[in-house]
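Thanks, everyone. I'll keep this short and walk through one structure, stop by stop. Please have the view open as I talk.

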Amino acid sequence: MNQDKTGAQSETVLRLNGITKRFGALVANDAISLDLRRGEVVALLGENGAGKTTLMNILFGHYVADAGHVEAFGEPLPPGQPRAALEAGIGMVHQHFTLADNLTVTENILLGTVPLWRMGLGLGQAKARIAQLSKDFGLSVHPDAKVGTLTVGERQRVEILKALYRDAKILILDEPTAVLTPQETDALFETLRKAVALGLSIVFISHKLHEVTAIADRCVVLRHGKVVGEVNTADTDRHALASLMVGAEITPPEVSPATPGRALLQLRDVSTPSEGAVPGLDHVTLDLKAGQITGLAGVSGNGQAALSDLISGLRMPQNGAMIIGGADQATWSPRLAVHAGIARIPEDRHHTGTIADFDLTENTILETYMDPPVSHAGWMNWSAAENMAQEVIDAYDVRCPGPSTRIRLLSGGNMQKLILGRVLERNPKVILANQPVRGLDIGAITYVHNRLLAARDAGAAVLLISEDLDEIIQLSDVIHVISEGRLSPEFPRGAKTPAELGLWMAGQGFDGDAHAA
Amino acid sequence: MRLEPIAHPSLARRLGFPAAALGLTVVVASLLALIAGANPFATLGLILKGAAGSKFALLETLNRATPLIFTGLAVAVAFRAKLWNIGAEAQLYGGAIITVVVGTSALAALPTLPLQFLMGFSAALIGALILLGPVLLKTRFGVDEVVTTLLLNFIMLLFVSYLLEGPMKDPMGMGWPKSEALDRSARLPRIVDGLRLHWGFALGIICAFAVWIIQTRTTLGYEIRAVGLNIRAARFAGIPVNAVLVKTALLSGGLAALAGFSEVSGLKGHLSLDLSPGFGYTGIIVAMLALLHPLGVVVSAVFVAGVFVGSDSMSRAADVPTYIADMLMAIALLFMVLAILLSRVRVVRG
């Protein structure tokens, strides 16, 4: 941390003044003011939906604020012009990278800084400058590598280099650690410390408390679009920050010891083909036992999708066997998976889990519309379907005007509760929960976790896939790590520290390194 | 500028914008008439009179609407599943060919009801088969059905041309490229004796109701809507997406082919190259104006037919080119599509 703030270092480089932004009835930002000083890391802390990303999009000119203004280095920033923000020395590293996979690191960095027809000229000079920047900031990445071949952590370094190459004096990082292993996160923090030492200022957007306390000098807490607190991180602790962020005391779910039963779903030496740069499964053997939560940790894009598709019924094993309830599966499809008693909570609840323009009734019956009482011999019984939806709405506390509401109007948390209800009402034997709480607020997260724990205690075998290592460690009775399609051995609860799991996530510890990606 | 969806559009909004679209269409049509050198009010009056001003005019409009109901339904059914069937024209001609083949064969001696059923059924079957090829190419190999169905239209027209010059040429046709005609006894009867409106129109309305019931009351209708709205979620949920697309195609192709059956058996009596002045393509406009609602298709088919019939009659009386009908259609469609969008979203700055 940068403790010595004297003289020139306290100069204000960025000032947001009374920013207000409405989307229809929703006030995403309500008169938010924020100062950023030279050589300082300010964390913008808040739950999903608190207004962090909206605020940064206004700063960067993607949105126009309804009220308030932005000043950079004392000059007002014209609203709605990303180029003006760039020229004022503001660089943004988005949550989702904006890089071209088929171009090299150097080309990606140069893109947009010089006219396309001049890109070939002065390439050597540009490379030298990139090399110098890499060295100064500890951002090691090969300038001639194609971005498509880089790891997520390396891509993030390219994004940061891109901003630095454009002489950014203010860096905005939107949830930068969401996709990193613990080791990569440490390396990122090292880079950020070097950057502030060189006089840059950083806005660090996050909802992870331990990271905020580790890197930030000051912390601005947002809740429901308002600034609810501004504290020096030295004067506070995680618990106080959490209460500020949520507005209430948080009680993590009580996890009692599991009583595992027999294996309900077994994979024996299963492989699936890789798709482009995304690896398939590589000789995976896995037992999902009754009454146990199996956590799958790993950096995104390491075969989680393949495993999830396999269990969901969307793909067959290329070789190896999948054994469900003791029976080897010769044919396999989503419908067979449903009938085999597998509850599937997909990663993308907006595009895979639900049909946005269907109402709650139609979404509730998506998996069971062929069965009585919802239909008989091809004829729908809509009143039975609506009753079923109403039962789910009542039992799972889905906040909505009624079963005939289109699901696109629901919040992510309520959408997820409907999906949970849809699959858990059938008392499933196996539950596949792929990123079940991503993007939800803390209330909904606790709700989903408690439901999963209750299903476990009722005897279901739960597979929890998450990129959030904290979530895995908190809930899982046993943990596997997946890396490049390979599965680590099973680690019982508490057997490995987060750092040790991080090494596995980075691909260390697997037998033999001769595997091709 | 951004578009922001409105959660619950008011009734005023949902009716107001389409009404405004119709009004604007009339304004633009008047301007066009003015450019053509005619009195706009008189022109619009003549169109209205030509479309619905007399019993004869009205029946002519309903006759013209009949094939549009079928092709409109065919498009509405397919588009609901986001299956872009642009080939209703080809399916129509396929149905027409079979109708002539059956209707001029020995089977023509059958009583009216079984014969008409047989002709209609075989026409629908052939239409379904014509669309089966493109949909299998789509589900198996991902071939774009817009391209295949569109190009099949030209192949079919050339095939019909070949038939009319060759195997199906009417020996008594004095060299005209037309087929042998069906006997009067082998044709669809008129609904009321003496009035020039045949049972094809009634069949169209029955089909519209049947499609409506399929879409709202059956599992197939639910599947079709799910596949159309979000194919990924449908597949994930276990809906057999490919099978649904094939069933949709069979339904759509069959409906389009019934237009050919109805035109040959109900109106023309023979097959010729001018059997359809683009009913297959106009069906797309009909379906879009109806927002893909099967009962709306009947209304919009009558509206579109009325504009064409009325414009024909108007152009004879007022010396304004008939092209005005095509332009009216195009303008009405553009305004209507915009109105539909605006009735569900609002435009906001920033």
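Start at Ala234 of chain A. Ala234(A) sits in the loop between β10 (226-232) and α8 (238-246) of chain A. Remember that this is a predicted model. Is Ala234(A) buried or exposed? Ala234(A) counts as exposed, because its relative accessibility is 68%. Now find Ala216(A). Ala234(A) and Ala216(A) are separated by 18 residues in sequence. In space, their C-alpha atoms are 9.2 Å apart.

Stay in chain A for some backbone details. Go to Pro372(A) and Pro373(A). The peptide bond from Pro372(A) to Pro373(A) is cis. Its omega is near 5°. Pro373(A) belongs to the loop between α12 (360-364) and β17 (375-376) of chain A.

Next, Ala377(A). Its phi is near 50°, a positive value, and this residue is not a glycine. Where is Ala377(A)? Ala377(A) lies in the loop between β17 and β18 of chain A. With a relative accessible area of 82%, Ala377(A) is exposed.

Lys82(B) is in the loop between α3 (55-80) and α4 (88-103) of chain B. Lys82(B) counts as partly exposed, because its relative accessibility is 41%.

On to charges. How many salt bridges does the structure hold over all chains? The structure holds 33. I'll show you a few.

First stop, Arg37(A). Arg37(A) forms a salt bridge with Glu40(A), and the closest N and O atoms are 3.8 Å apart. Arg37(A) is partly exposed, at 26% relative accessibility. Glu40(A) is buried, at a relative accessible area of 1%. This pair belongs to a network. Arg37(A), Glu40(A), Arg218(A) and Glu230(A) are linked in it by salt bridges.

Second stop, helix α5 of chain A. Here Glu159(A) forms a salt bridge with Lys162(A). The closest N and O atoms are 3.7 Å apart. What separates these two along the helix? They are three residues apart in α5 (residues 152-165) of chain A, so about one helical turn lies between them. Glu159(A) is buried, with a relative accessible area of 2%. Lys162(A) is at 16%, and it counts as buried because the cut-off is under 20%.

Third stop, and now we cross between chains. Arg225(B) forms a salt bridge with Glu362(A). The closest N and O atoms are 2.7 Å apart. Why does this pair join two chains? Arg225(B) lies in helix α8 of chain B, while Glu362(A) lies in helix α12 of chain A, so the pair links one chain to the other. Both Arg225(B) and Glu362(A) are buried.

While you are on α8 of chain B, look at its burial. Helix α8(B) covers residues 219-229 and is mostly covered. Ten of its eleven residues are buried. Among them are Leu220(B), Tyr222(B), Glu223(B), Ile224(B) and Val227(B).

Now the interface itself. Contact involves 31 residues of chain A and 26 residues of chain B. The two chains bury about 2600 Å² between them. Carbon and sulfur atoms account for 62% of that. The salt bridge count between chain A and chain B is two. There are also 13 residue pairs in polar contact across this interface.

Which elements of chain A give two or more residues to the side that touches chain B? They are β1 (12-23), α10 (334-339), α11 (349-353) and β18 (379-380) of chain A. α11(A) gives the most, with three residues. By type, that side of chain A divides into 15 nonpolar, eight polar and eight charged residues.

Last stop, helix α13 of chain B. Helix α13(B) runs over residues 323-342, which is 20 residues. From first C-alpha to last, α13(B) reaches 29 Å, close to the expected 28 Å. Its buried residues include Ile324(B), Leu328(B), Met329(B), Leu333(B), Met336(B) and Ile340(B). What do the buried residues of α13(B) pack against? They pack against α1 (11-35), α2 (40-52), α11 (279-289) and α12 (294-318) of chain B.

That's the tour. Over to you for questions.

How values were computed: Residues are numbered from 1 along each chain as its sequence is written. Chains are lettered from A and ligands numbered from 1 in the order in which they are written. This is a predicted model: local features need pLDDT of at least 70, side-chain atom pairs count only at pLDDT 80 or more; totals for chains, interfaces and linings use all residues. Side-chain values use heavy atoms; hydrogens and water are left out. Contact means heavy atoms within 4.5 Å. Buried area is the accessible area (1.4 Å probe) that two parts lose on being put together, summed over both. A salt bridge is a side-chain nitrogen of Lys or Arg within 4 Å of a carboxyl oxygen of Asp or Glu. A polar contact is a pair of N or O atoms within 3.5 Å; within protein, one must be able to donate a hydrogen and the other to accept it, and residues adjacent in sequence count only if both atoms are side-chain atoms. Helices (H or I, at least four residues) and strands (E, at least two) are DSSP runs, numbered from the N terminus. Ala, Val, Leu, Ile, Met, Phe, Trp, Tyr, Cys and Pro count as nonpolar, Asp, Glu, Lys and Arg as charged, and the others, Gly among them, as polar. The expected span of a helix is 1.5 Å times one less than its number of residues. Buried means under 20% relative accessible area, exposed over 50%, partly exposed in between (1.4 Å probe, protein chains only).
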